[in-house]
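Please read them with the structure open.

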Amino acid sequence: MQSTLGDVRDLASLQKAMHLAQPEVVIHMAAQPLVVYGYTNPVETYATNVMGTVHLLESIRTCKSVKAVVNVTTDKCYENKEWEWGYRENEPMGGHDPYSSSKGCAELVTAAYRNSFFFNENSPALASARAGNVIGGGDWATDRLIPDTLKAFNIGEIVKVRNPLAVRPWQHVFDALYGYLLLSLNLEKDKKISGNSFNFGPKLNKKFTVKKLTYELSKLWKLNIIPFKFINKNKFYETKVLQLDTSKARKMLKWKNYLSIKESIKITSEWYYHCFQI
């Protein structure tokens, strides 16, 4: 594998890298991915998530080798109504905070490029992927539930957990990546699905709160006490209930989750445990 480090906010460098690589498939995952960071750094968040997407699609527009493009956004791109059922791909874009709204904007950018530039037979097939809350080893970002919890476990500190009753569509990163790769393969084979968006997440009956997830982690670590301090008041607004309707990906792409939520938590916990032992 050849790796080129760069910044999607730098259009000229991105265009140069794209033309040197001459890729057939592009999966766009570059982002400022943190809700809380977005509140404190909104300009950087919009510059990366909105203009970064514009720069990527503009680079692809002049790169004749590209056949398929998957733009990965987020489950938080929808206009959140705090309802119990899952959001479908045709729900309105929105976002209460800078991160979420920037991803909604990235979806609108994708649709505009598709309608304006990527609409004929010779154009790259273009689709977007909206994944639920992804967990797995290797995530060391600030204000992430599992890394923060397990780092506290490792040094015997109390874990401060905000929004313990919040519901999220948790899934392992392997299942999300499987969805992105499957989507890119289908785009190459069948250009009729170009222009579509696809949700990737657990089935709707698998409701898992933040509190339940942290308890599962404490059981895996065999802790004698539950070292949590639950904080119901949060400085910034965060969605209480967020679920996805994934029937479209399951039907059109034949995608499914191979790992249950408890298997995902166990695998993730083991990864961090072994990492802390090194």
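This is a predicted model: local features need pLDDT of at least 70, side-chain atom pairs count only at pLDDT 80 or more; totals for chains, interfaces and linings use all residues.

1. The protein chain contains nine helices and ten strands.

2. Dimensions. A compact globule of 278 residues would have a radius of gyration near 19 Å, and the protein chain agrees, at 19 Å. Along the principal axes, its C-alpha atoms fill a box of roughly 60 × 35 × 35 Å.

3. Packing. Of the 278 residues in the protein chain, 48% are buried. Take the contacts between residues at least 6 apart in sequence: 83% of them join residues at least 24 apart.

4. Surface and charge. The accessible surface is about 14500 Å², and carbon and sulfur atoms account for 56% of that. The chain carries 37 positive and 26 negative side chains. The centres of the two sets are 4 Å apart.

5. Helix α5. This helix spans residues 145–155, and its buried residues are I146, P147, T149, L150, A152 and F153.

6. Backbone at Q22. Most residues other than glycine have a negative phi. Q22 is not a glycine, yet its phi is positive, about 50°. Q22 sits in the loop between α1 (11–21) and β1 (25–28). Its relative accessibility is 40%, so Q22 counts as partly exposed.

7. Backbone at K254. K254 is also not a glycine and has a positive phi, about 60°. The loop between α8 (247–252) and α9 (261–277) holds K254. Is K254 buried or exposed? K254 counts as exposed because its relative accessibility is 62%, and the cut-off for exposed is over 50%.

Definitions and conventions: Residues are numbered from 1 along each chain as its sequence is written. Side-chain values use heavy atoms; hydrogens and water are left out. Buried means under 20% relative accessible area, exposed over 50%, partly exposed in between (1.4 Å probe, protein chains only). Helices (H or I, at least four residues) and strands (E, at least two) are DSSP runs, numbered from the N terminus. The radius of gyration is taken over C-alpha atoms; the globule rule is 2.2 Å times the number of residues to the power 0.38. Contact means heavy atoms within 4.5 Å. Accessible areas come from the Shrake-Rupley method with a 1.4 Å probe; for residues, only the protein chains shown count as cover. Lys and Arg count as positive and Asp and Glu as negative; His and the chain ends are not counted. The place of a charge is taken as NZ of Lys, CZ of Arg, CG of Asp or CD of Glu.
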